[in-house]
Each structure stands twice: as structure tokens, then as C-alpha cells.
Amino acid sequence: MKSITTTAVAAVALSTSSLSYTEAFAFSKRATKTNCLTLLEGKGFLSDDVLSSAGKAFAGAALALAVFDPSPAVADGQTKDFKLPPVDLSDKSRCAFVSSKMGQANAQRDKLYDLRYCNLSGQDATGFDLSGVIMTKTDVSDVKFVESQFSKGYLHDSNFDGADFSNGVVDRASFKGSSLRGAIFQNTVLSGTAFADTNLENSDFTDSYMGDFDQRTLCKNPTLKGENPVTGADTRASAGCGDR
């Protein structure tokens, strides 16, 4: 992501000043090491009369990188040396589904949403925004997550057997090491989501959305087999892996 920040800042500098290309990118590299907005304001690049052109520059830079950068998205929790704070076992009220009120795009919350070691099996979380949630050794088997949002969820080594994610948004999440036997992902957005070392037997991915890289990786999972007991869908075929 550093390349996106550098390019975007450089684009603003170029569009709102008389800097050369070399000077703009040198400036942008400094910005990525400190506070981008502070440096831009200090140079006078974010005054009211240039915000419109700056916005266009950001959009252009982001679009160009999205089209030409071939690297796949990395799910949260899939990066190397990902570290989490200790579990606050003294918080007796933390094991509950709480919808974010700050918007799901960047998993913003006013405090860490930690459901590690919780047992929430069989509950109904329909329509909840659970973006940014952290789960480890969590039991959410048979939970109804229909139309729920899990952007940037850290969902490791947990029990999702029989969970229903239909019509939900589960983007940039990581299910590493979790059991998803019989889980339903019908019409679910799964862009950038990782299923490393998961058990996907009898799951259903009918009409789900994922990138080609994600799909090819998913198709290599040896547990992608069986038939969903609720929908009757063939697991491997539902994921579009019939010929892969």
C-alpha cells in the first residue's frame, strides 16, 4: 500500500503546485514517512481553492494503480508477523454481536471489537456490521449472518460450521485455520478474502463474488467438496471450480 500513498500524494503535489515530477515524488516519499496531510497543508497544497483538483488527482492515481497493479489484495491477518493485543477477559460484556455505527469501509470502531474465545453459537446477527471484528477460538456455528458485513475481519481458528453469510459483504477478511463446514456464502462479496487452511466441506458459494486470484486459490483447497445440507448445492461446482 505504500506505493498507493506515494503516488497519490505526488499526484496532489503535481496538480496543485509548480513542482517537477522528480520534486513531487521526492516530497511524497517524505510524506509517507510522516503525516501526509500535515506535510501537504504545510506546503499549501490543501487550500480551499485546490481541493477540487486534488480530489481529481487522487482519483486518477487510485484508478491507475487499481487497473495496472497486478498484485492481489491481502486479507487482514494474512500479513507476516500480524500481532494482536491480549484478550481482556475482565470485560464480561464483550461476547456479544455489536453493529458498528461508523461505517464498514475501513472497519472503523471506537474501540477494539474482540470476540476471541466467545461462544455465540446459534445466534442471529442478520444485518449487523461486524467489520474489524477479531475472532480466535470463537464458536459462531449456525449463526445467521445474512446481509452482514465483515470487512477486514480477523477470523482465525474459529468454528463457523453451518453459518449463513448470504447476501453479505465479507471482503478483505481472513478465515485462516477456521472450520466452515456447511457454511453458506450465496450471493456474498468475498473480494480479497482468504481461506487458508480452512475446512470448506459442504459449503455453498453459489453466486458469490471473488476475484480470479482468490478463486484459483480457493479451488486448491482439498476440503472443497461435498454438498450443502441446506441448499443442496454441490460445493466445488458452486465455487466455480468444476474445471480447476
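Good morning. The structure is a predicted model, in which local features need pLDDT of at least 70 and side-chain atom pairs count only at pLDDT 80 or more, while totals for chains, interfaces and linings use all residues. Residues are numbered from 1 along each chain as its sequence is written, and side-chain values use heavy atoms, with hydrogens and water left out.

Let me start with the overall fold. The protein chain has six helices and two strands; here helices (H or I, at least four residues) and strands (E, at least two) are DSSP runs, numbered from the N terminus. In sequence order, the pattern is α-α-α-α-β-β-α-α. Of its 244 residues, 40% are buried, where buried means under 20% relative accessible area, exposed over 50%, and partly exposed in between, with a 1.4 Å probe and protein chains only.

I now turn to the disulfides. How many does the structure hold? There are two, a disulfide being a pair of cysteine sulfur atoms within 2.5 Å.

One joins Cys 95 and Cys 118, with the sulfur atoms 1.9 Å apart. Both cysteines lie in the loop between helix H4 (51-68) and strand S1 (134-136), so the pair ties together parts that are 23 residues apart in sequence. Cys 95 is partly exposed at 36% relative accessibility, whereas Cys 118 is buried at 2%.

Another joins Cys 219 to Cys 241. Its S-S torsion is about -80 degrees, so this disulfide is left-handed. Cys 219 lies in helix H5 (residues 212-219) and Cys 241 in the segment after helix H6 (235-238), so the link ties together parts 22 residues apart in sequence. Both cysteines, Cys 219 and Cys 241, are buried.

Thank you.
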